[in-house]
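User: I am new to reading protein structures. Please take me through one, feature by feature.

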Amino acid sequence: MVKKIIAAIIALALITAALASCSSDKNNDDVKTGAENNTAETTETTDNGKKDDGVSPSTENLTDSLDVVIDKIYEKKPVELRLMTTPVDLEDKDALKAFTGLDSADKLKEAYASEPMMSSQAYSLVLMRLKDAADAESVAQEVKAGINPAKWICVSADTPRVVAYGDVVLMIMIDPNFSDTVTSDEIVEAFGKVCGGDFSVDLK
């Protein structure tokens with residue numbers, strides 16, 4: 001009788017273990033299926049042109065603050081002038097006009113200007129980030145029409161060059177006497193390398 005009871009207990013234990021194993025395998029299959037679904041969703045999102053982090057490929061190289069983007073431009077094309085990069089006060093209409101040529105900052109998120117420490121050198125690189133990339137062409141046109149190439153004392157810059165890539169607009173104007181060191185076209189070319197693509201707007 002005792003042997004029969006022991007045998008029954010062992011049999012019951014084996015059945016319980018088998019049921020637990022089946023349940024575990026089912027859970028693992030569910031997890032695997034969920035992972036496969038997530039992979040499929042990620043692939044589909046990528047196929048639609050979006051990165052996993054939600055950053056559009058067209059502007060992924062310009063997501064840093066604009067002062068950092070300016071540093072990247074100078075890495076591509078060093079400039080042999082003593083330059084200082086500063087944020088443009090969007091609430092100061094006089095500063096806004098002097099640096100960007102714009103009468104209003106309504107369409108801007110931020111702007112940075114890189115200019116010489118000496119006011120007798122005509123050089124100005126300005127980057128502007130827009131609230132909406134769709135405004136790039138209209139803002140670029142306003143910048144080109146409104147900027148003053150003769151804003152310095154006794155010196156003036158060449159015709160401003162304005163380009164746009166995504167939601168970022170660049171304005172560059174340089175004294176033609178600096179052509180042996182740097183030109184507007186060289187700065188635009190360096191900016192293009194940082195962007196990694198073709199400009200949506202290019203006003204010469």
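User: Which residue in β5 is the bridge partner of leucine 125?

Analyst: Isoleucine 172 is the partner of leucine 125. Strands are DSSP runs of E with at least two residues; helices are runs of H or I with at least four, and both are numbered from the N terminus. Two strands pair if DSSP finds at least two bridges between them. Here β3 and β5 (residues 168-174) pair in the antiparallel sense over 7 bridges.

User: Before we go on, what kind of model is this?

Analyst: It is a predicted model: local features need pLDDT of at least 70, side-chain atom pairs count only at pLDDT 80 or more, and totals for chains, interfaces and linings use all residues. Residues are numbered from 1 along each chain as its sequence is written, and side-chain values use heavy atoms, with hydrogens and water left out.

User: In which sense do β2 and β3 pair?

Analyst: They pair in the antiparallel sense, over 6 bridges. The two strands form a hairpin, with 6 residues between them. Glutamate 110 stands opposite arginine 129 of β3.

User: How many residues of β3 are buried?

Analyst: Take the general idea first. In a regular strand the side chains alternate between the two faces of the sheet. Now the case here: 8 of the 8 residues of β3 are buried. Buried means under 20% relative accessible area, exposed means over 50%, and partly exposed is in between (1.4 Å probe, protein chains only). One side of β3 has Tyr123, Leu125, Leu127 and Arg129, and the other has Ser124, Val126, Met128 and Leu130. Both faces are covered.

User: Now a helix. Which residues of α3 are buried?

Analyst: Again, the idea first. An α-helix has 3.6 residues a turn, so residues three or four places apart point the same way. In α3 (residues 93-100), the buried ones are Ala95, Leu96 and Thr100. They cover an arc of only 100° around the axis, so they sit on the same side of α3. That arc is taken from the directions from the helix axis to the C-beta atoms. The face turned away from the buried side carries Lys93 and Asp94, which are exposed.

User: What do the buried residues of α3 pack against?

Analyst: They pack against β2 (108-116), β3 (123-130) and α4 (136-146). Such packing is judged by contact, meaning heavy atoms within 4.5 Å.

User: What is found at the start of α3?

Analyst: A side-chain oxygen of aspartate 92 reaches to within 3.1 Å of the backbone nitrogen of aspartate 94. After α3 comes glycine 101, with a positive phi near 80°.

User: Is serine 184 buried or exposed?

Analyst: Serine 184 is buried, at a relative accessible area of 6%. Its place is in helix α5 (residues 184-195). The side chains of serine 184 and aspartate 158 are joined by a polar contact of 3.4 Å. A polar contact is a pair of N or O atoms within 3.5 Å; within protein, one must be able to donate a hydrogen and the other to accept it, and residues adjacent in sequence count only if both atoms are side-chain atoms. Neighbours within four places in sequence aside, serine 184 is in contact with several residues, among them Arg161 and Ile172.

User: How many aromatic pairs does the structure hold?

Analyst: There is 1 aromatic pair. The ring centres of phenylalanine 191 and phenylalanine 199 lie 5.7 Å apart and the planes meet at 15°, so the pair is stacked. The rule covers rings of Phe, Tyr and Trp (its six-membered ring): centres lie within 6.5 Å, planes under 30 degrees apart count as stacked, over 60 as edge-to-face and the rest as tilted. Phenylalanine 191 is buried, with a relative accessible area of 0%. Phenylalanine 199 is partly exposed, at 23%.

User: Where is valine 163?

Analyst: Valine 163 is in strand β4 (residues 161-165). It is buried, with a relative accessible area of 0%. Sequence neighbours within four places aside, its contacts include Phe191 and Phe199. Valine 163 and serine 200 are 37 residues apart in sequence, yet 7.6 Å apart in space, C-alpha to C-alpha.

User: And the whole chain: how many helices and strands does it have?

Analyst: It has 5 helices and 6 strands. Of the 204 residues, 35% are buried. Among contacts between residues at least 6 apart in sequence, 64% join residues at least 24 apart.
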